[in-house]
Amino acid sequence: MRDILDTPAERDLPPGTAVRMRADLMTSIRRPRRRRTVRLGIATVATAAAVVAGVAMVPSGDEVQHLAMGSSELSPTLHQVVKQCLEWNTQMERIPLSMNDVAVAAEQDHRGVVLFMTDTGYFTCEVWMQPHREISGGANGERVWPQRDWLPGPVQRLLVMSTEVDGGDVAVTGRVSARVQRLVLEHGDGQTTAARLVNGVFGLLTDDANVTRSAELVSYDVNGVEIDRRPLFRPSDEFDHCYVDSSGTLVYGKPGADCRPAEPWGR
Amino acid sequence: MTSQIRPSDQDLWSTIATGDEVAFGRLFDRYARAVYNHVFRLTGSWTLAEDVTQATFLVAWRRRGEAAVLVDGLALPWLLVVATNTTRTEWRSARRWWAALRRLPPEREADADPASDIVARLDDERQMTKVLAVVRRLPRAEREAVALCLWSGVPYGEAATVLGISEGALRSRVSRARARLARMVTDGNKQEDER
């Protein structure tokens, strides 16, 4: 018994780390809207295949957001971001991946978010590369994804990273069904950010935002009618309903009487 | 003659509530180490412990207007529970290993930790991973009670207050955890013997 509960001896924060952390905290509390200190992530379970292409300079408020929809169109920074993601994948998940699997990638300031899709799984990550700072980020992936052909409704989030425990700036990736024409993040403070949709997947980066815990992803159809609304920060394995595929097999949620049809996904 | 008096947590928190950053810095200096080690014992990762420690103090700053965070005049029990909750959010998804996804750029290597310290920390992580492999089989409430009371040494009364449960209930959790762990060890030993 004693052995099990024996833990390593306590340690001090590494001196350089303690000083830097303290300085970051002080900077954060003085400039609450430019917090760049803490990366928190919530990930999901699921996705599928493909490749796309095209790059765009997309206005996003006062900033310019670079959006890439394929490996051949990556900006130099996004190229670095993708390389970093591939390296992390090699270290951690080892999903067979290459540059050609990039489905969507977005970049703003010193950060980027990428979603790779393979024939059987996915890998998605966010990378922060501030000058003279550690490269940091988060990632999530599935080598084999039994639910790849189905979504729990019109939209499925695959990765959320946030600068604060309960919001701040966020990076989100995921996928949508064919009937979603527009996807908007409502921050919860009256502000919104539109996601970039590309062949059934999306990427979204907020900039200098105050996304709150009550933020929601809202989907609209081709007529501009709202068809879905769901909390951004809900754990990925929690659903309002269960979802069944066309054969009636449960694909998401717990068995129940109120199961809804899962929405097909393809690219 | 001058003498320096260490302000109580109550005094510090009252000052922090007015937006005093210096006082907040002192709170960080006072408790960062305790939070850091607490999170390490919950996660088995020194890197994640750094990030969650930072997140914990950001939460503390945002909630500086709340008097209820102090338990018997102390801020540490509440800080440890905030850290626990933050860690829980982080680990809700099994494949969340973002904290491991860090590396030092060349310009920082000059002031990086000595190699011996890095090796020692890796040993810590290996040891803690073994401990957590067993402890994570406990129900969450029991696991967190063990971390708070047994590992971080928060008195039962203070821990119970900040968790919002009775001291008796908390003691029961720890007691049940001990019993379960003992069974796990026994079962594990039997399996070893049978091989």
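In helix α7 of chain B, which spans residues 156–163, the buried residues are Glu158(B), Ala159(B), Ala160(B), Val162(B) and Leu163(B). Gly164(B) follows α7(B). The phi angle of Gly164(B) is positive, near 75°. These features come from a predicted model.

Chain A was examined next. Chain A holds 3 helices and 20 strands. Of its 267 residues, 46% are buried. Contacts between residues with a separation of 6 or more were also considered. In chain A, 57% of these contacts join residues 24 or more positions apart.

The two chains meet through a pair of helices. The crossing of α2(A) past α3(B) is right-handed. From α2(A), the contact draws on Thr17(A), Met21(A), Asp24(A), Leu25(A), Ser28(A) and Ile29(A). From α3(B), the contributors are Glu50(B), Gln54(B), Phe57(B), Leu58(B) and Trp61(B). By class, the residues of this contact comprise 6 nonpolar, 3 polar and 2 charged. An α-helix has 3.6 residues a turn, so residues three or four places apart point the same way.

Chain A also contains an open sheet of 3 strands. The strand order is β18-β17-β19, and the pairing is mixed. The edge strands are β18 (250–252) and β19 (260–261) of chain A. Each of these edge strands pairs on one side only. Strand β17 of chain A consists of residues 243–244. The pairing of β17(A) with β19(A) is parallel and runs over 2 bridges. Tyr243(A) has Arg260(A), in β19(A), as its bridge partner. Strands of a sheet pair through backbone hydrogen bonds, either parallel or antiparallel.

Elsewhere in chain A, strand β13 spans residues 196–198 and includes Leu197(A). Leu197(A) counts as partly exposed because 19 C-beta neighbours lie inside 10 Å, whereas a buried residue needs 20 or more. Beyond neighbours within four places in sequence, Leu197(A) is in contact with Val176(A), Val180(A), Leu183(A) and Phe202(A). Arg175(A) lies 22 residues from Leu197(A) in sequence. In space, the C-alpha atoms of Leu197(A) and Arg175(A) are 8.3 Å apart.

Key: Residues numbered from 1 in each chain as written. Chains lettered and ligands numbered in written order. Predicted model: local features only at pLDDT ≥ 70, side-chain atom pairs only at ≥ 80, totals over all residues. Helix = DSSP H or I, 4+ residues; strand = E, 2+ residues; numbered from the N terminus. Buried ≥ 20, exposed ≤ 12 C-beta atoms within 10 Å, placed from the backbone. Contact = placed C-beta atoms within 7 Å. Left-handed = near helix turned anticlockwise from the far one by under 90°. Nonpolar A, V, L, I, M, F, W, Y, C, P; charged D, E, K, R; others polar. Pairing = 2+ DSSP bridges.
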